[in-house]
Amino acid sequence: MRPMRLAALTAVLALGVAACGGTTKSSVTSAPAQPPASSAAAAADPDAPIKQGLKLAFLPKQINNPYMTIVAEAGAEAAGEFQGEAKEVGPSDASASSQISYINTLTQQGHDAILISANDPNAVCGPLQQARDKGIKIVSYDSDAAPECRDLFINQASSEEVGRSQVQLLAEMIGHKGEIAILSATANATNQNTWIEFMKDELTKAEYKDMELVKVAYGDDDDQKSFTETQGLLQAYPDLKGIISPTTVGVAAAARYISGSKYKGEVVLTGLGTPNQMRQFVKDGTVEKFALWNPKDLGYLASYAAAALVSGQITGAEGETFKAGKLGERTIGAKGEVILGPPFTFEASNIDDFDF
Amino acid sequence: MTATTTRPEPAARDRSARSLVDLVFRARELSLVLALAALVGGTAAVNPNFLSGQGVEDILLNTAILALLAVGQSMVVITRNLDLSVGSVVGLVAFVVGDALASGWGLVPGVVLGIAIGAACGLLNGLLVSFCRVPALVVTLGTLYVFQGVCHYVAAGRQINAVNLPPALLSLGNGAVLGVPYLPLITVVIMFAIGYYLRAYPSGREFYAIGSSPEAARLAGVPVRRRVLAAYLVSGCLAGLAGVLWLARFGTVVADSANGWELLVISAVVVGGVAITGGVGSVYGAALGALLLTVIGGALVVLRVNPFWQQAITGALLLIAISVDRVLALRVARLLRRRSRHG
């Protein structure tokens, strides 16, 4: 049933794309071709100045995705700080094949760097290599391309930091004491399971000796299922003090259930959610704090990293450092990854600064 | 509850045969109630919280939307048809109405819009099935994809968030009047209205006649096409209403909400004693079926049973229900034959 439905869906979506596609292409065709901006310096020169007038292109998974738009706008803002310019182009459907034609167009236009959130790590590899052969620097962000076809990956948060910080966030709110549970997505979700492993590891530390993880429940990223699982957790463990839901669907469903039940104010809920979906529940007091990475910082950092690459400050090797404006100095880790930092905590005082 | 309306038999014999049939199928609803009582009792014995005020409210709220869809679906199934598109209609309505409410529509126009979209979807299904004579399975499988595609097109990757919805709608989702939550109240009122119509009105009985034998019903002068169309229309309207209730309950809606619910709804209907071959069953049974499936889901979570078993148990229940239907149908047929011979 599933693949069939997907196929039918793709067909319908394709119709939609045909009807309204190509909106972003026309604005860029007139850009003059440029020679490769830097002669791909073999050695990094950390003191090289950032070049003026750099042209960066953000290629998100799809345009019209509010989250992706915020990333690219912040990237453009950063480019403004070093007198460069950045724009966002991309397909209206999140598919690798549509991204490829955009990569080819951007390559022909001679941009200094392409920043991509890959829809498929391998499918975009060939076109990205062709771009690199012409001296264009490739920076992936949000969703990595295969490491051999990009110079850098700006990782929004390390799995370890996500897992540990979730426990720290909850522990702080419940006074490091009491039973806690986790409401995850599906039982085999890679992200969530990695995070949960780090949560369990964090809980073995001495400061959490009075906290006990009593259950990991799975809401399958389904509203009704997440509701039922939350209800079940609260009924089966009457002394439950806190729930961590490291999935955007789960945390919103759990918040919605708790907001209309007697558990509101009794049980602390936190997790990974977007400000828009959680705003209501922060305002009505169901949720005090939750986390996610800050997409503005992600775009900002990606822009600076691309500029540093093009200007020859870094080559993408482990251990090199570069300055990323207001975010300070950053170091390249293993496999050419730059980690944005610990997840960003949203709460009543700052949630209205974000719209995604 | 078979179609025994138009038999010019001697009144006494007719009545006794009819009461026998009624008894057998009442027994079905009775056995559902017993199964429910055992399940709830057992679970509550292990964890008394299951029957606390909040626990009961949760069960009722969880059941309301599924039961509403099951009531609509059972009307279609009774006429020996099927509506696979209900899940997609719920998703479409939830998103479109959510979008409208977020842009400033009032609650009442929003509900009307939701029911109107549901009615339009039901009308399309009904026209294709009844007038174009396309098998219901194919038609509603097709419209399942179409409605879902439309929803994805309208949504374009967006999400409806609770903060943009009017507080009136959100309190409809988890508020209560005199301690009874709104959602189950709405479902119960609609269930009794449709149940009474199907049982007490001649045109209501015709739905059963069509399901028992479409050909015989046509020859007896029953407006088959109009009744089938009406069944789809009702199912569509209720799916539309369910979409609005979905929005009210969950607050956060993406394009594919209620994805896959069509099969859950049909399971509830069949477990509730509505024969998939038409002509037999009641909306009360269907709603009880929905309640049973929901309670099982809740009980397994409370009893900390591996969630894998939930699907396995739902499947087993379906098989039991269908087997019981078959055995009962054969028994009743034999009994009726013997009575009319000796009568």
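In this predicted model, chain A contains 10 helices and 14 strands. The chain has 356 residues, of which 49% count as buried. Residues 24 or more positions apart account for 73% of them.

Chain A divides into two domains. Domain 1 is built from residues 40-156 together with 295-340. Domain 2 covers residues 159-292. The centres of domain 1 and domain 2 of chain A, taken over C-alpha atoms, lie 33 Å apart.

The largest nonpolar core comprises 204 residues. Among the residues with the most contacts inside this core are Ile114(A), Leu115(A), Val139(A), Ile154(A) and Ala305(A). Ala70(B) and Val71(B) belong to that group as well. Helix H10 of chain B, residues 224-250, gives the most to the core, with 18 residues. Both domains of chain A take part: domain 1 and domain 2 each supply at least three residues. In soluble globular proteins, nonpolar side chains tend to be buried together.

Helix H2 of chain B, residues 53-78, packs against helix H11 of chain B, residues 261-271. The angle is about 70°, and the axes are 9 Å apart. H2(B) is therefore roughly perpendicular to H11(B), since angles of 65 to 115 degrees fall in that class. On the side of H2(B), the contact is made by Leu66(B), Leu69(B), Ala70(B), Gln73(B), Ser74(B) and Val77(B). H11(B) contributes Leu264(B), Val265(B), Ile266(B), Ala268(B) and Val269(B). By class, the contact of H2(B) with H11(B) has nine nonpolar, two polar and no charged residues.

Helix H3 of chain A (96-108) and helix H4 of chain A (125-133) pack with their axes 9 Å apart. Their angle is about 5°. H3(A) and H4(A) are therefore roughly parallel, as angles under 35 degrees count as such. From H3(A) come Ile100(A), Ile103(A), Asn104(A) and Thr107(A). These residues meet Pro127(A), Leu128(A), Gln130(A) and Ala131(A) in H4(A). The contact of H3(A) with H4(A) divides into five nonpolar, three polar and no charged residues.

The contact between the chains was considered next. Chain A and chain B each give 29 residues to it. On the side of chain A that touches chain B, two or more residues come from each of helix H1 (2-20), helix H7 (223-236), helix H8 (248-259) and helix H9 (275-283). H7(A) provides the largest share of this side, with eight residues. The side of chain A that touches chain B has 10 nonpolar, 13 polar and six charged residues.

Helix H7 of chain A also holds Leu234(A). Leu234(A) counts as buried because 25 C-beta neighbours lie inside 10 Å, and the cut-off is 20 or more. Leaving aside neighbours within four places in sequence, Leu234(A) is in contact with Leu240(A), Tyr263(A) and Val267(A). Ala348(A) stands 114 residues away from Leu234(A) along the chain. The C-alpha atoms of Leu234(A) and Ala348(A) are separated by 25 Å.

Methods: Residues numbered from 1 in each chain as written. Chains lettered and ligands numbered in written order. Predicted model: local features only at pLDDT ≥ 70, side-chain atom pairs only at ≥ 80, totals over all residues. Helix = DSSP H or I, 4+ residues; strand = E, 2+ residues; numbered from the N terminus. Buried ≥ 20, exposed ≤ 12 C-beta atoms within 10 Å, placed from the backbone. Contact = placed C-beta atoms within 7 Å. Domains from an automatic or database assignment. Core = buried A, V, L, I, M, F, W, Y, C linked by C-beta atoms within 7 Å. Nonpolar A, V, L, I, M, F, W, Y, C, P; charged D, E, K, R; others polar. Axes fitted to C-alpha atoms, helices over the stretch in contact; angles between N-to-C directions. Parallel < 35°, antiparallel > 145°, perpendicular 65-115°, else oblique.
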